[in-house]
Amino acid sequence: MKIDMRNWLQRFLSWREKNVKEKRFILVLSFLVGVFTALAALLLKVLIHWIQEFLTDNFNATEANYLYLVYPVVGIFLTGLFVRYVVKDDISHGVTKILYAISRRQSRIKRHNTWSSIIASSITIGFGGSVGAEAPIVLTGSAIGSNLGSLFKMERRTLMLLVGCGAAGAVAGIFKAPIAGLVFTLEVLMIDLTMTSLLPLLISSVTAATLSYLATGQEAMFQFHLDEPFELGRIPYVIALGVFCGLVSLYFTRAMNRLEGVFGRLNTPYKKLVLGGVLLSVLIFLFPPLYGEGYDTIELLLNGTRNEDWDTVMNNSLFYGHSNLLLVYLMLIIVFKVFASSATNGGGGCGGIFAPSLYLGCIAGFVFSHFSNEFDVTAYLPEKNFALMGMAGVMSGVMHAPLTGVFLIAELTGGYDLFLPLMIVSVSAYLTIIVFEPHSIYSMRLAKKGELLTHHKDKAVLTLMKVENVVETDFIAVRPEMELADMVKVIAQSRRNIFPVTDEEGKLLGIVLLDDIRNIMFRQELYHRFTVNRFMTSPPARLYNTDNMEQVMRTFDDTKAWNLPVVDQEGHYLGFVSKSKIFNAYRAVLVHFSDE
């Protein structure tokens, strides 16, 4: 059967090369990516809501429910078992994995990512994990694009585009937001916008969003009715909200990294499960709105108009009936949401930070405006409008993507009448966090390692290059005890004018330059008096096989050298890298990825 499938695929590829131009075939693939990612997004939504309804349908709103202590632990435990024994691979940090695949894995994403994140995140979130389903579905969509392109033997540049199509389709499908899907791919995944890439990205986004509309109706994901039109006199307060959202984003980003470090230091999955499970279940018991994605809370704050509506956010909790503590309750949720999300993923669950950032932003905007109105600090600020703007602000800050924040919130809620304040809040939040954190929560890990592909052309090309691809190994190594007579014989056999000096274990001790011994190499009376140890020198610097190309070029610039030796972490000699080899490789990569 496999042989027949291979033959069929090979015949199809041959037919396609003869009859369908590559540009048109890419459009067909982008359409298929949009279809498959929309179906994946719908499946994930159905699974999550079915599990949540099944588990919490009989909860009493007027009292604490102790099953909140049990469900999240069961969810992350089951997810951990699934990941360890079925998937047998790390599937967390979905968007970071996409960025890594683009920069270091030639845009190839493992096949299991087309389904593993759907199952793992539906279990995690359905049982109450305090994370979002969007990052897992974005990884799923990108994996669909990557594997579909690999199936039809598309080149590396096209694979990168199809990965972007998958991400755009996933965001468009799960949020019913085609423009946000396109902008997300450009801002977060940093796929360059060209005429070649624009149409496939649009096709995937529109296809996924259309199927989502057909399956779930034409209503926006969150119902929002504008009761109070925006007034220009509120612009100073909108800017202040943006700064507040930027600070909330900074807190979320840094706290998330610190907490991930705590879980990373635990050496067994069961220790992580115990710490994550206990922390998560206690937080959800005290603050039930932390259960799951939190979209019910967002709906409540966007549609409520009076205290009686907003007080229902405290249902199922120990705070029930204490309406005077609403602001305190919501501010505590802002503080502890990052702990709940980190505990979910750190304990073994699977989820993303899309939903947590939307959730935090909605609460931050509501708290900002409600506090102002409660204590008559400023003119009246409509809570639902500011809750909506807060969603855009925190998302823009956490993801370093102001355009994504603007378009996503506008499409999620139909709040196009607030487009101007959405833009002001998003830009203000982004400018606030960029002062403290130059990279988003997705990209900071890769940026520290020099593995992040950016819109900066030189850096992007260097990121796509690898040290092992430019190492030259046709240099003859010599030993320090070798006499000048033997050294002359080696020189006669070599086409190089540099000779690495190594010990018996192959560790680099130094180098011999032909220019340094040219004046003595024909003096036969010195042949048995001088050894290599006498005239070898230290190289200007050593390159390591783990260095990224940006570090390599920085070393060349610092030393002004033309050739530098490469060693591994133990100091074993591997070869040399020359500037000319780097420049040739650079030109090849640049031509390959240049716009058509």
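**Contacts, cores and helices**

Mentor: Leaving aside neighbours within four places in sequence, T404 is in contact with V183, F184, E187 and M399, where contact means heavy atoms within 4.5 Å. This is a predicted model, so local features need pLDDT of at least 70, side-chain atom pairs count only at pLDDT 80 or more, and totals for chains, interfaces and linings use all residues. Residues are numbered from 1 along each chain as its sequence is written, and side-chain values use heavy atoms, with hydrogens and water left out.

Trainee: Is T404 buried or exposed?
Mentor: T404 counts as buried, because its relative accessibility is 1%; buried means under 20% relative accessible area, exposed over 50%, partly exposed in between (1.4 Å probe, protein chains only).

Trainee: And which helix is T404 in?
Mentor: T404 sits in α17, residues 402-413. Helices are DSSP runs (H or I, at least four residues), numbered from the N terminus.

Trainee: New topic: which residues touch the most other members of the largest nonpolar core?
Mentor: F175, F184 and F354, out of 108 residues. A nonpolar core is a set of buried Ala, Val, Leu, Ile, Met, Phe, Trp, Tyr and Cys residues joined through side-chain atoms within 4.5 Å.

Trainee: What does F175 touch?
Mentor: Not counting residues up to four places away in sequence, F175 touches E134, M221, Y295, F354, L358, L408 and L412.

Trainee: Where is the kink in α14 centred?
Mentor: On F336, and the kink is about 40°. The bend is the angle between axes fitted to the seven residues ending there and the seven starting there. Just after α14, G348 takes a positive phi of about 125°.

How values were computed:
Helix = DSSP H or I, 4+ residues; strand = E, 2+ residues; numbered from the N terminus.
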